[in-house]
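Take a look at the structure below.

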Amino acid sequence: MEGIVKDFPGVRALDHVDFIVNRGEIHGLLGENGAGKTTLMSVLCGLYRAEAGNVYLHDSNSNSEKEVVISTPRDAIVCGVGMVHQHFRLVQSQTVLENCILGIQGSNLVVDYNAIENDIIELGKKYGMEINPEAYIWELSVGEQQRVEILKMLYRDAEILIMDEPTAVLTPQEARLLGETMKRMAIEGKTIVFITHKLDEVIEFTHRSTVLRDGKNVSTVETGNTTKRELANFMVGRDVVFSIVRPNISPGNYVLEMRGVSVYDSRGVQALKDIDIDVKSGEIIGVAGVSGNGQKELAEVATGLVGCNNGSIYIGGQDMRGCSVDGFIKAGVSHIPGDRIGVGLAGNLPVSDNLILKSYQIKEICGGLLFNKRFVDEYVDRLIDEYEVVTPGRDTLARNLSGGNQQKIVLAREIESTYRCYDDARLIVAVYPTRGLDVGATEFVRSRLVQQCSEGAGILLVSDDLEEIVAISSRIAVMYSGFIVDVVQADCVTLEDLGMLMAGESL
Amino acid sequence: MKISVEPRIEASSGLRFVVMSTSILCAFMFGGLIMGIVGVDPVDTYVAMLEGAIGRPEYWSQGQFYSITETLVKAIPLMITSIAVGVAFKMLFWNIGAEGQLVVGAIAGSGVALFAKDYGLQSPYAGINVILMCLAGIMGGGLWALIPAFLKTRFKVNEIITTLMFNYVAILWYQYLFNVVWKDPEGMGFPGTAKFDGVWILGRISGRLHWGLGIALFSGLLVWIILDKSKWGYEIRVIGQNIKAAVYGGIDVNGNVLKVMLFSGGLAGLAGTVEVSGVSYSLQEGLSVGYGYTAIIVSWLSRLNPIAIMIVSVVFAGIMVGGDQIQMTMGLPSSVAYVLQGAMLFFVLGGDFFVRYRMTLTKGQRHADS
């Protein structure tokens, strides 16, 4: 890709970007949120049309490069370019097989399901992604769904696979597995563009990488000859501090106590088994575990989204039995949800509506029935300002902001709502708070959480980033199959120990 | 040459206006095409419809506003029911049952008007009586709508099916009542209840136009304030846009489903009461000509904005009255009006595509760097 220019209203998203990937290579594409990574790849996939620039692809017939015009997603498929989106494009109520053939124009009236099934199984074996073609999508885990997305592209004979932050939704184990798969695909001659924020993965998986910043090329490097620090500097344009200091204050009163909590999910499977955990004011408790071992349910119980079948929960010493979500919020519980687009925000509502979701009931905003518009505007503008949310204005729809800015909205709302309403017990339940964020936004979110903690909040931090957990937690609870296996002091545990515990072993 | 399509981030209001006007123009051209096929002159027909809907300047100068008041008479129930369904749609709750709620409201209002006297509840002042009647209508429509809402919250029964089916149930009850139970014994065999006493009748403004217009405008304004400025409106908005975020934000979703349907059904019921108290003065055949269904179109065309609903209702009522006019004067079926309404919905919703996506022509070869 050469000299690509793409304008959005008011901004130049891509400014003469060149991007060259060799055949059979895993090529990392890095940059902060809004640097233009996804936009560049959307141009390659025919989702956006560039204002200027040319795209050349390898032509196996003439064994040379040929200029191509990709103006629709269908063109991209014909050219052998396939994209695995961050948010999967799968039909939940259909099977793996049906999803794979979706949108393919066949010449036959009758679909030969057996042949297709064999093809899919073959493909799966070849690349180490075995999956039952007859399984329905909703039955599959996130990692498996991603494999279906990849298989779907391979089934369409994609030569170039673009993976948009594929590891953001995976556990470390699944991510490693994906890395293996990508290496295998590269050996088979497929070309992979790997978009990510995680520098470890770039170092581990890629051959070369390109860094974008503010829609411009910064550098393309051989991954073998670079370091994490250098890449981070390229991305941010300045030196990055990789260490955030753990708050060093002595813990105060209990803000959260769970005693013998058990939860059964909708299928009647026990998701939490006899959980005892407590969080004190001024303390960050990390929750580690392979995803799907009860962390999600733990966060849901602590925030009142799911009631517990057995056991009891106290927030600031207050028994929360039979309380609604509203009751938990009013007791001083903040919640940064793991799924910020699906749960944390209403994308079609403006930034201002999203910022007041947890405080719209306070007297200043709504004394009686009607909102105090002037107060809301001032409040919202102050939050936008203090939390450095980059947005054209408070009336912009939340879905039009970048991921980092969306997370800042959630963070601002959650931190401020507890402040304004109730002061005594403050619990912040943060689930994957930095997932999918760039280096700058990650640093911002972590330092705000730590700051909250040192001001007396108790934080329950669920994360799949072990380094994050170890860096800022004081104690770490490790979950395995609905149990808390162990609670360890963060300053005397190694990543290997945590890995053992996450696998259900004891130390 | 190729056409490439890409999403717009945000569309300007100017663009929205242009697309909207073009869509409406297309709808009228489509209607004209149909008229052409039937063999009548579209221009003559449209002129006749317009005259039917608003009259002629020479009539106005003589102080005759018959056409305009007729249009407004039709606009009143349409406006109230459109606002009613609009509130529920805002929460993404599909109340297709405004027709039935209107009918139940009319039954409740008529019941009060016919029988309150027997219980000593009749006041000598029409104002008080009409308020009593309206309250009965609101309760009737609201409680009728509450049943599907309850089924939804308790058993997750799809509200589209239940609200729709409840229309038929309501209409059958209504026919049973005025044909059998409440039939006027002095009506010389004609179906229908006795005429209401004079103290149960809404006063008139001009011609057949009655003060229901005030009630309709007030409802529109009230709903606009609720949706735009109130806490309840905020909760409705959040539920409609992302129900998971609403649950997470501590909003009581089930409680709001019940409240909103009570409110939405109550408004539709009010429309029914206003019809019997302002127009027919009895419960009889022909209470509603599908206002509850047309309301769905009106509120979508207005993007659920109460102020827009008030305007679009008048336009649609004008089309209906114009349709009746061409039936009388030109011998054309009045269903031309429905063709036009359908075409408007089709073209306006279709036009949305141009608001949400940008289309550009590209040459076969990528053009050079600009």
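Start with the open sheet in chain A of this predicted model. Six strands build the sheet, in the order E6-E7-E8-E3-E9-E10, and their pairing is mixed. Strands of a sheet pair through backbone hydrogen bonds, and they can do so parallel or antiparallel. Now find the edges. Strand E6 (81–84) and strand E10 (216–222) of chain A each have a single partner strand, so one side of each is left without a neighbour in the sheet. From one strand to the next, the twist averages 20°.

Next, zoom in on one pair. Strand E7 (residues 160–164) and strand E8 (residues 191–195) of chain A run parallel, joined by five bridges. Here A:Ile160 stands opposite A:Thr191 in E8(A).

Helices pack on this sheet too. Helix H5 (residues 142–155) of chain A touches E6 and E7 of chain A. The direction of H5 makes about 175° with that of E6(A). Helix H1 (residues 37–44) of chain A lies across strand E3 (26–30), E6, E7, E8 and strand E9 (208–213) of chain A. H1 runs at about 130° to E3(A).

Now move to the surface. Which residues form a nonpolar patch there? They are A:Leu369, A:Leu370, B:Leu221, B:Trp224, B:Ile225, B:Ile307, B:Ile311 and B:Val315. Together they have about 700 Å² of accessible area. In chain B, helix H8 (212–229) and helix H13 (306–330) each supply at least two residues of the patch. A:Leu370 sits in the loop between helix H12 (351–355) and helix H13 (373–386) of chain A. The relative accessible area of A:Leu370 is 44%, so this residue counts as partly exposed.

Terms used: Residues are numbered from 1 along each chain as its sequence is written. Chains are lettered from A and ligands numbered from 1 in the order in which they are written. This is a predicted model: local features need pLDDT of at least 70, side-chain atom pairs count only at pLDDT 80 or more; totals for chains, interfaces and linings use all residues. Side-chain values use heavy atoms; hydrogens and water are left out. Two strands pair if DSSP finds at least two bridges between them. Helices (H or I, at least four residues) and strands (E, at least two) are DSSP runs, numbered from the N terminus. Axes are lines fitted to C-alpha atoms, for helices over the stretch in contact, and angles run from 0 to 180 degrees between N-to-C directions. Contact means heavy atoms within 4.5 Å. Patches are made of residues with over 30% relative accessible area and no salt bridge: like charges are joined within 9 Å, nonpolar side chains (Val, Leu, Ile, Met, Phe, Trp, Tyr) within 5 Å. Accessible areas come from the Shrake-Rupley method with a 1.4 Å probe; for residues, only the protein chains shown count as cover. A salt bridge is a side-chain nitrogen of Lys or Arg within 4 Å of a carboxyl oxygen of Asp or Glu. Buried means under 20% relative accessible area, exposed over 50%, partly exposed in between (1.4 Å probe, protein chains only).
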